[in-house]
Number of protein chains: 2
Amino acid sequence: MATMHDVARLARVSVSTVSYVLTGTRPISEATRTKVLAAMAELDYQPNAMARGLATRRSRIVGLLMPMDERGLGATETAFVTGAAAAASVAGYHLVLSPVGAADVDDLRRLATQRMLDGVVLMEVQVEDGRVAALQEAGLPVVLIGRTADTTGLPFVDIDFDQTVREAVAHVVGLGHRRIVYVNHSAAALAAGYGPAVRTRDAFFSAMTGHGLEPVMIPAEDSAAGGRAALSAAIERAPDLTAVLAMNENAIFGILGELAVRRRVVPDDVSVVSMVTSPQVAELAHPALTAMTSPGAALGRIAVEALLRQLDGAGGETHQQLLPCKLEIRGSTCPTRKQHELTGSGPPGS
Amino acid sequence: MATMHDVARLARVSVSTVSYVLTGTRPISEATRTKVLAAMAELDYQPNAMARGLATRRSRIVGLLMPMDERGLGATETAFVTGAAAAASVAGYHLVLSPVGAADVDDLRRLATQRMLDGVVLMEVQVEDGRVAALQEAGLPVVLIGRTADTTGLPFVDIDFDQTVREAVAHVVGLGHRRIVYVNHSAAALAAGYGPAVRTRDAFFSAMTGHGLEPVMIPAEDSAAGGRAALSAAIERAPDLTAVLAMNENAIFGILGELAVRRRVVPDDVSVVSMVTSPQVAELAHPALTAMTSPGAALGRIAVEALLRQLDGAGGETHQQLLPCKLEIRGSTCPTRKQHELTGSGPPGS
DNA sequence: ATGAAAGCGCTAACAC
DNA sequence: GTGTTAGCGCTTTCAT
């Protein structure tokens, strides 16, 4: 492995000259620059990342911190990861994946003080999240995917859950539905203050109330079985329901299965909207799901870009951004029967 | 940020002594050890990872290299990633995620010579994969998830596709099925020499031939639409098919949808087996899918562990391991009608 | 059992 | 425009 000394010797210049053509932090004559470049090519030289990191106190590594307790990531979280990795790679940064749950604050503190990471993106943020304080104490720049209750001075990117829920509710209300149930994440997630769960809950209550309707929310475990149970509970609480909104990526398939078992046809008997979903997942169901499509990889990308901007000194304002989900109407929603009669349009799917 | 010097001064010992209590590479008297430990605690000392990396020429970072071209990762690949991240974390290593496709050999070469990575795990390996040679030239230890055509001296962990296909075929043949179609990955994946695609193809041909049956394979794009198209093609080639095996995680939902449209009931009319699938995904379908359950996170974990063992000198034999998928019978397969008559058991689902 | 000091490969003053 | 050199914070000989 060639070092900078080797390059300098071969090009008959000093090491600092080599360093400067590399970093471009001071003018170099065209003649020597080419000499040096030639020597580098000749020796297949690549600067040693550790040495550079030690000297500059910048590793060019950023962390992506997320809990990996449960049964792996959903499609949405996976998209965050791939988006973040791609963005880091494009900028010449490395992205390390660190499983750091909200409980492992000590691990995090250790990680932060190792000075291996220039900054971190924190995923699966909870409304009260000790990790944020730990990172700030360590002086490690951070951008959140999600957000805490108090976001003053904290850069974050998040899904606009308020808009998402509002549009989803407006969509089904516009189709004539009145009896609408929202299947949220689990009670445990709600209790832990998991952002998407609590924010959609609040947004659902306010949206429904705004339409003069009664909000009915059912929490569900994140699995097909959880969805089944939730639908049963939903029908118990609102036997006349005609629309279900579901946040829970896996649960929604359980909901569909249970509806089938109960001989309720989607969308004729019950309309279903999947919230914060990737198009691919929406297409897996039959009929394909009307869904609020999540910004997916964009969220991860934007978070990393904001972090890198912060690292590169800019010192501009703290990046705070809410990304909307986009309503994509597919086959799982349709007007209520009553609505049909009013508008005179024929019943769907027949 | 406290350095080793600070600790040494506070403990009234030399820096080397501090270093030795840290690394344990030479005996230290109990008295000084406690003094040093106390000083470390007092100062909240954490060794600087870059400095240590430069001095030892070991970064304690391993890379997870995977292409991220297409529309993100499937559930199976995601499990590899989380398994790898967890294993690395447990061993005190960091895991960097690098999007390096089979095409980006130059990027890879650059990455490898930066000396930032102690070793790498290579995912989505193709039968002929230039990345392997590039890594070996760079002298970077590597473990494959998947394998190339020639694996001599190459450590790898892979799914035992032969066993997987054989068991799946045996399962449906045992249920009386004779007309069996295999829906593989896309024609492009096959042409590119994507391991899972070519190996299952070969295994399917040999398994079917072994049973005296005609192998019918249909490639499919990795999407619900791809699955629909594949099933249509399948029915055209084998109108009398009674069983479908599908490799393609997303396509399988398209297959189910198309079967529903054609009024072919699963499993009564057509049995369906999902190959190399996670239990969660299998549970999403209705009825839940009989599946060959993939080793998932275990694969990622084992790959990282093998890599770390290789780094820690051991110099033992090269780790080569094939992990089986496990047949989990759910609701999407059942005996053929003819088989029913023979065994006298009642028709299912009625 | 402990200390002193020479690197590890690079960057960035500080000279000229 | 270029060279010299002192670190960056650690590990690891070589002494004692």
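1. Basis. The model is predicted: local features need pLDDT of at least 70, side-chain atom pairs count only at pLDDT 80 or more, and totals for chains, interfaces and linings use all residues. Residues are numbered from 1 along each chain as its sequence is written, chains are lettered from A and ligands numbered from 1 in the order in which they are written, and side-chain values use heavy atoms, with hydrogens and water left out.

2. Helices (H or I, at least four residues) and strands (E, at least two) are DSSP runs, numbered from the N terminus.

3. Helices 6 and 7 of chain A. The axes of helix 6 (residues 105-113) and helix 7 (residues 130-137) of chain A come within 9 Å and cross at roughly 25 degrees. Helix 6 of chain A is therefore roughly parallel to helix 7 of chain A (angles under 35 degrees count as roughly parallel, over 145 as roughly antiparallel, 65 to 115 as roughly perpendicular and the rest as oblique). Axes are lines fitted to C-alpha atoms, for helices over the stretch in contact, and angles run from 0 to 180 degrees between N-to-C directions.

4. Helices 5 and 14 of chain B. The axes of helix 5 (residues 75-90) and helix 14 (residues 297-311) of chain B come within 6 Å and cross at roughly 40 degrees; the two helices of chain B are therefore oblique to each other. Residues that meet here include B:Phe80 and B:Ala84 in helix 5 and B:Leu299 and B:Val304 in helix 14.

5. Sheet of chain B. Six strands form an open sheet of mixed pairing, in the order 7-6-8-9-10-12; two strands pair if DSSP finds at least two bridges between them. Strand 7 (216-219) and strand 12 (326-328) of chain B are the edge strands, each pairing on one side only. Strand 10 (residues 290-293) and strand 12 of chain B run antiparallel and are joined by three bridges. B:Ala291 has B:Glu328 of strand 12 as its bridge partner.

6. Helix across the sheet. Helix 12 (residues 251-261) of chain B lies across strand 6, strand 8 and strand 9 of chain B, and runs at about 170 degrees to strand 9.

Note on methods. Contact means heavy atoms within 4.5 Å.
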